[in-house]
Amino acid sequence: MSVYVRNSSVTDPLVAPEGHSNLYVLVPTINTRHEVDWPGMQSAYRDKVLDRIEAQTGMKDLRGRIVEERMITPQNWCEDGSIFMGATFNLKHTLNQLLYLRPHNRYSKFRNLYLAGGGTHPGSGLPTIYESARISANMVSEQFGSKYDRIDLTMPLLRSGS
Ligand SMILES: Cc1cc2nc3c(=O)[nH]c(=O)nc-3n(C[C@H](O)[C@H](O)[C@H](O)COP(=O)(O)OP(=O)(O)OC[C@H]3O[C@@H](n4cnc5c(N)ncnc54)[C@H](O)[C@@H]3O)c2cc1C
């Protein structure tokens, strides 16, 4: 289990009442295709996550300090957010489906269908998704002969010699 923890109150005091913190914990899990009983195992899973944080950080008494909490599972993402299979990060970040090996921006079976987003080349995460949109927009412009300013993101790096 990998656990990402962020205490945004350190840099923004307005995200929690005075004297409190806003702790955000992100734990990548499997998607809803695996038919996990999320409502049934949610509480035990929460305990595992808190055990891990308490064991591996200085927050040894974290449980006793929680005043308000909200847990979002893949099932919630799926049912409340219309996220396919609750997979907010889309396809797994494994080598065989990263970057060029992710589904391509132009859908292979239809000449006029372009894709953009976390499930498409180059991958998930917001900067990469904007790049995916840029690539698709450029391809659409090229196919239909629209004029656009081509921005090569590698040029500033090459110019500065980095
Ligand atoms: C808790 C969390 C924290 C994250 N933190 C970060 C971060 O710090 N940095 C980072 O770079 N990335 C982060 N991400 C990842 C990032 O948010 C996602 O990779 C990104 O939002 C995916 O964008 P997308 O456009 O591919 O899909 P989405 O943002 O999922 O957009 C798809 C949209 O399509 C809609 N939709 C679904 N089905 C239909 C339909 N049939 N008809 C019409 N609309 C439909 C959905 O409702 C949704 O609005 C985080 C994700 C989560 C869940």
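## Close-up views of a predicted model

View 1. P122 is found in the loop between α3 and α4. This is a predicted model. The peptide bond that runs from H121 to P122 is cis, and its omega is near 5°.

**View 2. G119, another residue of the loop between α3 and α4.** Is G119 buried or exposed? Buried means under 20% relative accessible area, so G119, at 15% relative accessibility, counts as buried. Leaving aside residues up to four places away in sequence, G119 touches N90, L91, R102 and P103. For one of these, R102, the C-alpha to C-alpha distance from G119 is 7.0 Å, although G119 and R102 are 17 residues apart in sequence.

**View 3. Two residues with positive phi, N90 and E35.** N90 is not a glycine, yet its phi is positive, at about 65°. N90 has its place in the loop between α3 and α4. With 39% relative accessibility, N90 counts as partly exposed. E35 is not a glycine either, and its phi is positive, at about 50°. E35 lies in the loop between β2 and α1. The relative accessible area of E35 is 70%; exposed means over 50%, so E35 is exposed.

View 4. Which of the 15 residues around the ligand come nearest? They are Y24, G81, S82, G118 and L126. The shell around the ligand draws at least two residues from each of β2, α3 (74-81) and α4 (126-144). Its largest share, three residues, comes from α4.

**View 5. Backbone atoms facing oxygen atoms of the ligand.** A backbone N or O atom of L126 lies 2.6 Å from an oxygen atom of the ligand. For G81, a polar backbone atom is 3.1 Å from an oxygen atom of the ligand. For G125, the distance from a backbone N or O atom to an oxygen atom of the ligand is 3.4 Å. On its own, the ligand has 1,000 Å² of accessible area, and the protein covers 45% of this.

**View 6. The largest nonpolar core.** Seven residues make up this core: V27, W38, Y45, V49, L50, I53 and L62. Which helix gives the largest share of the core? Helix α1 (residues 38-56) does, with five residues. In soluble globular proteins, nonpolar side chains tend to be buried together. I53 is one of the core residues. Not counting residues up to four places away in sequence, I53 touches V3, V5, V25, M59 and L62.

View 7. S8 lies in the loop between β1 (4-7) and β2 (23-26). The relative accessible area of S8 is 10%. Under 20% means buried, so S8 is buried. S8 touches V15 and N22, once residues up to four places away in sequence are left out.

**View 8. The two domains of the chain.** The domain assignment gives domain 1 as 4-86 and domain 2 as 95-160. How far apart do the C-alpha centres of domain 1 and domain 2 lie? They lie 32 Å apart.

Key:
Residues numbered from 1 in each chain as written. Predicted model: local features only at pLDDT ≥ 70, side-chain atom pairs only at ≥ 80, totals over all residues. Heavy atoms only, no water. Domains from an automatic or database assignment. Helix = DSSP H or I, 4+ residues; strand = E, 2+ residues; numbered from the N terminus. Buried < 20%, exposed > 50% of the residue type's maximum accessible area, 1.4 Å probe, protein only. Contact = heavy atoms within 4.5 Å. Core = buried A, V, L, I, M, F, W, Y, C linked by side-chain atoms within 4.5 Å. Near = heavy atom within 4 Å. Polar contact = N/O pair within 3.5 Å; in protein donor to acceptor, adjacent residues only side chain to side chain. Areas by Shrake-Rupley, 256 points an atom, 1.4 Å probe, with all protein chains shown as cover.
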